[in-house]
Each structure stands twice: as C-alpha cells, then as structure tokens.
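Please read the sequence and the model shown here together. The text that follows takes the salt bridges, the core, the surface and the disulfide in turn.

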Amino acid sequence: MKLNKSALVLSLAVLAHTSAQAAEPQAGYVGVSLGQATVEDFCDGSETSCDDSALSLRVYGGTELNGFANLEFGYRYIDDVEVSGVLSGVAVAGAVNGHFVDTTFQLGMPEAGPFKVFTKAGLLLWRLNYEATASNGFMTVSESDSDTGVAFRTGLGVSFDVSDSVRLRADWDYLVNVGDEDETGETDINVFSVGPEFRF
C-alpha cells in the first residue's frame, strides 16, 4: 500500500473532522510502553549474522473524545537491527534504527468496565538512520545515511484499569511500508509492547 499526498490530506481531514465533532474530552492521558519490534524481510538467509528484532520504546499522550473513541499522539524509537556477512571476500555489516512520530485514532469497547479492547489506525512520520561498514582486513570504510517519509499504522490493544487514574496497556502495532522503495526498499514492522498509562 503506497500512500500518496491525496491519502495523507484525506486522512488528516478525517481526523480533524472527528476531533471537531466529538463531545468535550472526558480525560487526558499519558503513557510509556516498552517492547520488541520485528522488521519483516530484513534477513534473507544469506547473511553470516542477522538480527531483525530490536527494543522499541514509545511515549504518548492523548484525549478521550468519548467512551469509545480516543485521539492519540506518540513518539517511538526502535533500536538497531543489524546484519553482517562476507561479500567477495570483504566483511560487510549494517545497522538501521528509527524514529517515529504518529497520530492515531482509536475505537474501543466496552464503554464502561475495567477491561477495554481497541483497534487503531493513523499516520506516522518516520526517520530511518543507516550505518554500513566494509573491511578487507587492511582498511575499513564506513558510511551513514538517513531517510524520511510518511507511512500508515494500525493495530490492536487491550487495557485494564488498575485504579481511576492508572491502567495497564498491551499493544500490537503494525507499521506499513516504512522506508524508501526506490533506495533501500520498503518493509513492514510489527511491534509488541506493554506499559502503564496515567489519566488526568
């Protein structure tokens, strides 16, 4: 799925319209989650060593539009995924990490009770940082680069109210078509995470 400018403008308009038409926010909240991200198709089996999973940290905040709908903003960091191997007698290695800023609309049920299951959809701005090294045993060459873009995010989650102001939350996030298809290629990223959330 390739996002274009029209899709971006339409999605932002829908989010803005939903926010404007919703009732007065009942509560705001902030949270932090820690988990593991797995990059699809990063390892193809030809490498000497490859690790396609990395630590993921997300901090976020949002507002409850009503008992079913939330509007949320977040920042996520995904640590290095790494690969190494030998190409024509030259040892090569690479690492990629990422920064992500997202806007997400959530729908959850039931409206009342300690447990809530929710689905989500939104957009994210991504920045990927690349590092590569090559060595023939006598000389080592290093290169670094970065790329930015817009992608779509979706997923599922569940939360449990520990008290009126604290809840625990577990999330599965699916980040779609992250990366530049014409340069380093696009990939999808699965993230599983848990953490506390604080209402105010």
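R153 and D173 form a salt bridge, with their closest N and O atoms 2.7 Å apart; the term stands for a side-chain nitrogen of Lys or Arg within 4 Å of a carboxyl oxygen of Asp or Glu. The pair connects distant parts of the chain, since R153 belongs to strand β7 (residues 140–161) and D173 to strand β8, 20 residues apart. R153 and D173 are both buried, where buried means under 20% relative accessible area, exposed means over 50%, and partly exposed lies in between (1.4 Å probe, protein chains only).

This is a predicted model, in which local features need pLDDT of at least 70 and side-chain atom pairs count only at pLDDT 80 or more, while totals for chains, interfaces and linings use all residues. Residues are numbered from 1 along each chain as its sequence is written, and side-chain values use heavy atoms, with hydrogens and water left out.

A search of the whole structure gives 13 salt bridges. Another of them joins E197 and R167, at 2.4 Å from N to O. E197 is in strand β9 and R167 in strand β8, so this pair ties together parts 30 residues apart in sequence. E197 has a relative accessible area of 2% and is therefore buried. R167, at 8% relative accessibility, is buried as well. A further salt bridge is formed by D171 and R169, with the closest N and O atoms 2.8 Å apart; D171 and R169 are both buried.

**The chain as a whole**

How many helices and strands does the chain have? There are one helix and nine strands, where helices (H or I, at least four residues) and strands (E, at least two) are DSSP runs numbered from the N terminus. In sequence order the pattern is α-β-β-β-β-β-β-β-β-β. Among contacts in the chain with a separation of 6 or more, 61% are between residues 24 or more positions apart; a contact means heavy atoms within 4.5 Å.

Y29 is part of strand β1. With a relative accessible area of 1%, Y29 is buried.

**The nonpolar core**

Of the 200 residues of the chain, 36% count as buried. The largest nonpolar core has 16 residues. Such a core is a set of buried Ala, Val, Leu, Ile, Met, Phe, Trp, Tyr and Cys residues joined through side-chain atoms within 4.5 Å. Which residues have the most contacts inside this core? They are I78, F100, W126, L128, L175, V178 and I189. Two or more residues each come from β1 (27–39), β4 (69–87), β5 (90–109), β6 (115–135), β8 (166–178) and β9 (187–199). The most come from β6, which gives four residues.

Leaving aside neighbours within four places in sequence, I189 is in contact with A37, T38, V39, I78, F100, D173, Y174, L175 and V178. D173 in this list is also the salt-bridge partner of R153.

**The surface**

The chain exposes about 11,100 Å², and carbon and sulfur atoms supply 61% of that area. Accessible areas come from the Shrake-Rupley method with a 1.4 Å probe; for residues, only the protein chains shown count as cover.

V32, L34, L55, L57, V59, Y75, V101, L125 and V150 make up a nonpolar surface patch of about 710 Å². Patches consist of residues with over 30% relative accessible area and no salt bridge, with like charges joined within 9 Å and nonpolar side chains (Val, Leu, Ile, Met, Phe, Trp, Tyr) within 5 Å. The elements giving two or more residues to the nonpolar patch are β1 and β3 (53–64), and β3 gives the most, with three residues. L57 lies in strand β3. Is L57 buried or partly exposed? Its relative accessibility is 38%, so L57 counts as partly exposed.

**The disulfide**

The whole structure contains one disulfide, a term for a pair of cysteine sulfur atoms within 2.5 Å. C43 and C50 form this disulfide, with sulfur atoms 1.9 Å apart. The torsion about their S-S bond is about -85°, which means that the disulfide is left-handed. C43 is partly exposed, at a relative accessible area of 27%, and C50 is partly exposed too, at 25%.
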